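Hi everyone, thanks for making time today. I'd like to walk you through one model, so let me put it on the screen.

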Amino acid sequence: MKQKPNKCFLKPKVQRIRLPLGFALLLMIFGPRMSWAHDEKSITIEVSNPTPQSTVSGMIIDEAGQPLPGANVVEKGTTNGTQTDFDGNYSLTVDDGATLVVSYIGFRIKEVQVNGQTSINVTLTEDAAALDEVVVTGYAVQTRGDLTGSVSSVDVSEATKAPIVSAAEALEGRVTGVTITNSGAPGSSPVVRVRGYGTGNSNDPLYIIDGVQTDDASILNTINPGDIEQINVLKDGAAAIYGARASNGVVIITTKSGGYNMDTARISLDMYTGFSNARNVPEMLNAQQHGEMIFQSIRNDGGTPSHAQYGDGPTPVVPDMLQRTPVDVTVNPNGTRWFDEIYRSAPTRSASMTFENGSDKSKYLFSASYLNRQGIQLATGFKRGSARLNSEFRIGDRIKVGEHTNISFTGNNGGGSQVEFAYRNSPLVPVYDDNGNFAGTYSNDTGLSNPTNPVATLLRAGDNFTKSLRVFGDIYATLDIADGLMFKTSIGGSINAYNDRRFQKLWPSIQSLWLPIP
């Protein structure tokens with residue numbers, strides 16, 4: 001059975017060094033593997049070093065000793081998290097010096113230091129103030145204490161402490177019954193499932209961003225996570241207010257919009273850089289082990305070992321050159337480590353600026369952001385530039401008019417994942433032949449099967465791209481009729497323009513299939 005490697009951020013151990021502003025800026029521009037943040041007087045440089053990890057397990061209970069199923073257990077400052085099962089048990093792999101953040105609706109959040117422990121049981125206490133939290137539940141808002149349906153909320157401030165690209169990443173490990181998957185390619189549309197699969201047709205939930213409805217999951221990649229104020233997930237009967245479209249659940253995203261009667265304008269700047277690496281990459285056979293595996297499989301079938309590359313002797317012999325090929329191809333004695341060839345340390349850079357202000361008659365928020373995330377496979381990446389304007393104006397004491405507008409430009413480059421061909425390729429085949437061209441399997445006579453060169457596939461697809469320009473938003477007006485009764489009308493929608501380019505170059509190593517073998 002093939003096992004795909006897990007890909008995620010390498011968790012860093014941070015060492016902080018205080019440096020003068022000018023020198024630190026030079027390091028930021030030219031220094032590799034660094035992330036930085038700023039305050040009013042200085043720049044903080046964070047140097048990342050891998051730290052050991054361990055698995056922590058335990059039980060989450062209340063003050064009466066009853067288990068709390070569905071409690072969130074998250075490693076502080078990351079998206080690494082899980083939920084407790086029906087008996088309140090959990091298990092999570094974290095850094096040895098990590099802090100666990102345990103939360104449950106109606107209970108106070110509790111932080112626990114791991115300090116090398118492998119078993120941690122946590123008792124949560126009730127939080128009456130949490131029941132007064134205002135939650136968006138469809139066409140109305142309610143306090144947490146008045147909720148009777150299945151509604152889950154995400155602590156956005158906690159979720160955005162770690163670098164995230166998509167709004168979907170804020171849901172990972174933080175909402176009971178919600179799973180998030182994707183292809184692993186940077187900028188790929190997330191696959192969100194609420195309560196699993198309920199139909200043989202579409203299982204996508206309904207997304208509502210500032211009141212505008214859509215079932216296109218790619219919309220989550222166009223929103224700057226720093227603009228999000230609240231994320232709520234409606235499940236089961238709580239989603240029924242939106243009808244049949246909400247049969248797979250509803251994800252409601254509310255963005256920030258400034259505030260009335262602000263004393264002064266507020267400007268915030270957020271910048272970071274980091275690196276991504278492939279983790280848990282399987283160890284593949286070297287050239288000698290690969291030959292022994294082939295010979296043993298032939299013996300298991302009752303045959304006499306013989307192979308076009310490894311010879312006819314009692315044991316396989318790694319050749320110096322590939323045999324029966326139209327060009328000279330030198331073999332690495334230790335074999336080619338294909339996963340090392342297709343993966344790389346990929347940088348991520350992000351910068352965003354927010355400006356907000358408000359008076360007694362109006363409020364507004366403007367934000368602009370830029371993201372450049374390179375993929376961990378060669379010649380892949382995702383870029384996003386976005387601008388948002390949310391504003392609202394009071395007309396008299398009872399009427400308000402406003403709008404939400406998000407304009408985004410996204411671009412993906414590169415081809416698909418080459419993990420499968422990295423698995424299938426023989427370690428005898430090098431990346432390049434002796435002429436400097438990409439090597440391959442050439443023909444069936446070589447005994448090298450038929451996978452393509454994954455490095456060649458990635459680099460040849462490096463100029464392919466998919467670009468999208470999207471305008472998403474609404475205009476609304478509200479009228480306060482009476483205390484607790486409001487009339488609202490709105491019009492909204494989405495305009496999306498695509499530009500896609502694909503080109504398949506010729507494969508000399510495949511063309512050689514039709515050439516006579518000397």
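Let me start with a question: at the start of α3, which backbone nitrogen does a side-chain oxygen of asparagine 286 reach? The backbone nitrogen belongs to glutamine 288, and the oxygen comes to within 3.2 Å of it. That makes a polar contact, meaning a pair of N or O atoms within 3.5 Å; within protein, one must be able to donate a hydrogen and the other to accept it, and residues adjacent in sequence count only if both atoms are side-chain atoms.

Some ground rules before I go on. This is a predicted model, where local features need pLDDT of at least 70 and side-chain atom pairs count only at pLDDT 80 or more, while totals for chains, interfaces and linings use all residues. Residues are numbered from 1 along each chain as its sequence is written, and side-chain values use heavy atoms, with hydrogens and water left out.

On confidence, pLDDT is the predictor's own score for each residue, from 0 to 100. The mean for this protein is 84, and 84% of its residues reach 70 or more. Residues 1-48 have a pLDDT below 50, and in the model this stretch has 99 contacts beyond near neighbours in sequence; a contact means heavy atoms within 4.5 Å. Residues 511-518 are also below 50, with nine such contacts.

Back to α3. Helices (H or I, at least four residues) and strands (E, at least two) are DSSP runs, numbered from the N terminus. The 14 residues of α3 should span 20 Å at 1.5 Å a residue, and its end C-alpha atoms are 20 Å apart, which agrees. The expected span here is 1.5 Å times one less than the number of residues.

Which residues of α3 are buried? They are Ala287, His290, Gly291, Ile294 and Phe295. Buried means under 20% relative accessible area, exposed means over 50%, and partly exposed is in between, using a 1.4 Å probe and protein chains only. These residues cover an arc of only 135 degrees around the axis, so they sit on the same side of α3; the arc is taken from the directions from the helix axis to the C-beta atoms. After α3 comes glycine 302, with a positive phi near 85 degrees.

Next, serine 306, in the loop between α3 (287-300) and α4 (338-342). Serine 306 has a relative accessible area of 42%, so it is partly exposed. Leaving aside neighbours within four places in sequence, serine 306 touches Ile298, Gly311 and Asp312. With aspartate 312 there is a side-chain polar contact of 2.5 Å.

Another loop to look at is the one between β23 (362-374) and β24 (381-395), which holds glutamine 377. Is glutamine 377 buried or exposed? Its relative accessibility is 7%, so it counts as buried. The side chain of glutamine 377 reaches the backbone nitrogen of glutamine 418 at 3.1 Å.

Finally, the strands. Two strands pair if DSSP finds at least two bridges between them. β25 (residues 399-413) and β26 (residues 465-482) are antiparallel over 15 bridges, and glutamate 403 has isoleucine 475 in β26 as its bridge partner. β26 also runs antiparallel to β27 (residues 485-501), joined by 17 bridges.
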